[in-house]
Amino acid sequence: MLEIGFRPADLARVRFAVSPLDHVLGGVAGPQHHCARDSVNRDRWWRRVKGHVPQQAAAFIDLVNASPLGVPMFLTPDSTAARATIGDELDALLALPEAEVHREMRDYGTGPDLPRVIAELRDGGTRRLRRITDAAWALFRTCLAPDWPDIQRALRADVEQRSRVVAETGLGPMLAQLHPDLSWHDEGALRYASPDWRLAYDLGGRGLELRPNLFLSGLTAPLGAHRSPALLYPGRDHPARRADGLARLLGAARTRALRAIAQGACTTGQLAENLGVSAPTASAHATVLRDAGVITTERRGREVRHSLTTLGRDLLLG
């Protein structure tokens, strides 16, 4: 069981935040991680994108799945801003103290089955973190960025709904509703009845950051002595059904292209890079989308730039 102890000051410091890096972590977490095990949303997303995962992402995926006990805590954002970008979070990762990386790498022990990235981080410390952040960025850009606007909308809806619960019934009932196995106790304890946890943790007046995650099925909590406490919980209202319907209309590949263009105007080369496909394939997707009236293409010198039309935006909004 996990028990999180609240003091009076902690009740005034409970806040919500949204983390793109949390979703990259949850998206590639294997079944050995209890918090993502049997997540329908995560499994549906992974089936759709796994064929597009860039080779560069391998180091990050290996590190996330190196141990069934969890991911290195330094990979999880420490007190993320309410609207943090993936760039903000990866920059913070690069700024980690050397001692924190070495401390966590010691916990992996030794053995022939350990991924090479563990040895690299042990020997190189923070100098090797650039490889990890580049891998995470490649994974986000290629596989998650096209879906991120819809995911953000779903997360904002989740936060707004839970904020209404706080206004109507109080903080304790809202916390208890974050997961079926959570319970709030009036002496100031939040308890998670899970055999995967054996921890009693006192917030000590630092409050608690609540981070909804659409790829989780259970709870996970980065709770360390030198970081801001956080609780990651399964978010509601995943837009996958709408995304699946759009894929049936346009095709999965063209839907990914449309969502990539929705991130901002881009050239055919940039679209190809974001999708992990060849330039001719990206050009073919753009032609079909333009003919359907959901994107527009403007020539600028030797380049063409694709952008979303009003019809394309309305289609994505459902």
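Predicted model: local features only at pLDDT ≥ 70, side-chain atom pairs only at ≥ 80, totals over all residues.
The protein chain contains 15 helices and 10 strands. Its C-alpha atoms fill a box of roughly 65 × 55 × 30 Å along the principal axes. A compact globule of 318 residues would have a radius of gyration near 20 Å, and the protein chain has 21 Å, so the value agrees with that expectation. Of the 318 residues, 50% are buried, where buried means under 20% relative accessible area.

Next comes a sheet. Four strands form an open sheet with mixed pairing, in the order S3-S4-S1-S5. Strand S3 (182-185) and strand S5 (199-202) are at the edges; each has a single partner strand, so one side of each has no neighbour in the sheet. From one strand to the next, the twist averages 15°. Strand S1 (residues 2-5) pairs with strand S4 (residues 189-192) in the antiparallel sense, over 4 bridges. Within this part of the sheet, Glu-3 has Arg-191 in S4 as its bridge partner.

The last topic is empty space. Rolling a probe the size of a water molecule over the atoms shows where such space is left. In this model, the largest pocket holds about 1,300 Å³ of space. Its lining consists of 50 residues, and those nearest the centre of the pocket are Val-71, Pro-72, Met-73, Thr-76 and Pro-222. Helix H2 (20-28), helix H5 (86-94) and helix H6 (98-106) are the elements that each give two or more residues to this lining. By residue type, the lining of the largest pocket divides into 26 nonpolar, 12 polar and 12 charged residues.

Technical notes. Residues numbered from 1 in each chain as written. Heavy atoms only, no water. Pairing = 2+ DSSP bridges. Axes fitted to C-alpha atoms, helices over the stretch in contact; angles between N-to-C directions. 1 Å grid on protein atoms, 1.4 Å probe; cavity = no way out; pocket = protein on both sides within 12 Å on 5 of 7 lines; lining within 4 Å. Points joined across faces, edges and corners; volume = space filled by probe spheres on them. Nonpolar A, V, L, I, M, F, W, Y, C, P; charged D, E, K, R; others polar. Rg over C-alpha atoms; globule rule 2.2 N^0.38 Å. Buried < 20%, exposed > 50% of the residue type's maximum accessible area, 1.4 Å probe, protein only.
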